[in-house]
Amino acid sequence: MSTRTSGTRFFVVALLVSLLVAGVASYYASAHPDGLEHVAEQTGFIDSAEDSATADSPLADYQTSGIDDARLSGGVAGVIGVLVMLLLSTGLFWLIRRREPADSRD
Amino acid sequence: MHVPDGFLDAPTSVATGVVAAAAIAVSLRAARRELDDRAAPMAGLVATFVFAAQMINFPVGAGTSGHLMGGALAAVLVGPWTAVLCLSVVLLVQGLLMADGGITALGTNITLIGIVTVAVGWAVFALLRRVLPQRLSVVAPAAAAGAFLSVPVAALVFTGLFAVGGNAPVDLGAVAVTMLGWHTLIGIGEAVVTGLVVASVVATRPDLVHGARPLTAERELVTREVEVA
């Protein structure tokens, strides 16, 4: 706690972790249905699920269409997702941030 | 817990859509108080990390998996109003780009994952912060507790929505019991991930943790007192 990590370093490390999680580690994620899907199968309402309108999107189900290798296909989709998220969310928060210096009430 | 299209009927989906839109509108105004020049990039980073972390499904037994929802995590790191916006952007990108979570179900998913988990996670965290000793070391455990509880509560809210507008005639008691059971297990994973991530940020940059703010402001003073003694 004595040495403070610089803002840039913190930012770069956190972004790198996100890229590695989405681009590499995601390949090793469990492929089992999640809690809701499992319950829907168990209790019998899974068939009421419909395909999303975006089911034909080039990145649908975290796979990149046109890339056959599953590891690469998922990795590329994850990295694109992370970059889109970073641009969109940072842009949004930068736009709506408080412009005047922080007041002491918070 | 991403709800696909079709599980809930149109009126219920419209209703959750209205709830989600209202919450986003309120959050856009209220988040301004949480976001300054330093917090804004942090909030973007938190939303991005939650997106990445949600790709990691962990097994919870019997052929079932779960993943981080991140509502409590985001609320503790960047504040509850900003957290609602973080999760909304995550769910929007997932629904539009990855076909993860339905489009007509987007309001439902924002309500469950973006509002309920943030509200429960933050409420539990804030309560614990009030009753526990005022030390930085309680921030991560308090966040983990909020994270743990947020998952089964979201599962119960889904069950409530399903009771009102479920498209399939199934035994609601069985849905409630199994949803609660599995999501209590998934909540343990949510707590572990949230606790570890919050602890890491508290250890490196406590000043960037919204939920630690009063403590980080007092810390310099406390350090000085110790040195004098």
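**Entry 1: the annotated span in chain A**

I started with residues 75-96 of chain A, where the span is 100% helix and 0% strand and the end C-alpha atoms lie 32 Å apart. Helices here are DSSP runs of H or I with at least four residues, strands are runs of E with at least two, and both are numbered from the N terminus. UniProt lists residues 75-96 of chain A as "transmembrane region", from an unreviewed entry. I keep in mind that such annotations may be inferred rather than shown by experiment; feature names are shortened, and positions follow the numbering used here.

This is a predicted model, in which local features need pLDDT of at least 70 and side-chain atom pairs count only at pLDDT 80 or more, while totals for chains, interfaces and linings use all residues. Residues are numbered from 1 along each chain as its sequence is written, and chains are lettered from A and ligands numbered from 1 in the order in which they are written.

**Entry 2: the rest of chain A**

Over residues 9-98 I find 57% helix and 0% strand, with the end C-alpha atoms 24 Å apart. Chain A as a whole has three helices and zero strands, in the order α-α-α from the N terminus on.

I then checked burial, where a residue is buried if 20 or more other C-beta atoms lie within 10 Å of its own, exposed if 12 or fewer, and partly exposed in between, with C-beta atoms placed from the backbone. Of the 106 residues in chain A, 25% are buried. For contacts, two residues count if their C-beta atoms, placed from the backbone, lie within 7 Å. Among contacts in chain A between residues at least 6 apart in sequence, 49% join residues at least 24 apart.

**Entry 3: chain B**

I counted eight helices and two strands in chain B, and from the N terminus on they run α-α-β-β-α-α-α-α-α-α. The radius of gyration of chain B is 18 Å, close to the 17 Å that the globule rule gives for 229 residues, so chain B is as compact as a globular protein of that length. That radius is taken over C-alpha atoms, and the rule is 2.2 Å times the number of residues to the power 0.38. The C-alpha trace of chain B spans about 70 × 35 × 30 Å along its principal axes.

Buried residues make up 60% of the 229 residues in chain B. Of its contacts with a separation of 6 or more, 77% are between residues 24 or more positions apart.

**Entry 4: the core**

Which residues have the most contacts inside the largest nonpolar core? I found B:V46, B:V50, B:A74, B:C86, B:A143, B:A154 and B:V198, in a core of 100 residues. Helix α6 (residues 139-165) of chain B gives the most to this core, with 17 residues. Such a core is a set of buried Ala, Val, Leu, Ile, Met, Phe, Trp, Tyr and Cys residues joined through C-beta atoms within 7 Å.

I followed up B:A74: leaving aside neighbours within four places in sequence, B:A74 is in contact with B:V46, B:V50, B:A83, B:C86, B:L87 and B:V118.

**Entry 5: where the chains meet**

I found 53 residues of chain A in contact with 61 residues of chain B. On the chain A side, α1 (7-23), α2 (35-43) and α3 (70-96) are the elements that give two or more residues. The largest share, 13 residues, comes from α3(A).

Most residues other than glycine have a negative phi. I noted A:Y62, in the loop between α2 and α3 of chain A, with a positive phi near 60 degrees. A:Y62 is buried, with 22 other C-beta atoms within 10 Å.

I also noted B:A99, in the loop between α4 (80-97) and α5 (106-131) of chain B, where phi is positive at about 55 degrees. B:A99 is buried as well, with 22 other C-beta atoms within 10 Å.

**Entry 6: confidence**

Chain A has a mean pLDDT of 90, and 90% of its residues reach 70 or more. Chain B averages 93, with 94% of the residues at 70 or above. Where in chain B is confidence lowest? It is lowest in helix α8 (residues 213-228), at a mean of 60, and highest in helix α3 (residues 71-78), at 98. For the complex, the predictor gives an ipTM of 0.90 and a pTM of 0.92.

Note on methods:
pLDDT is the predictor's confidence in each residue, from 0 to 100.
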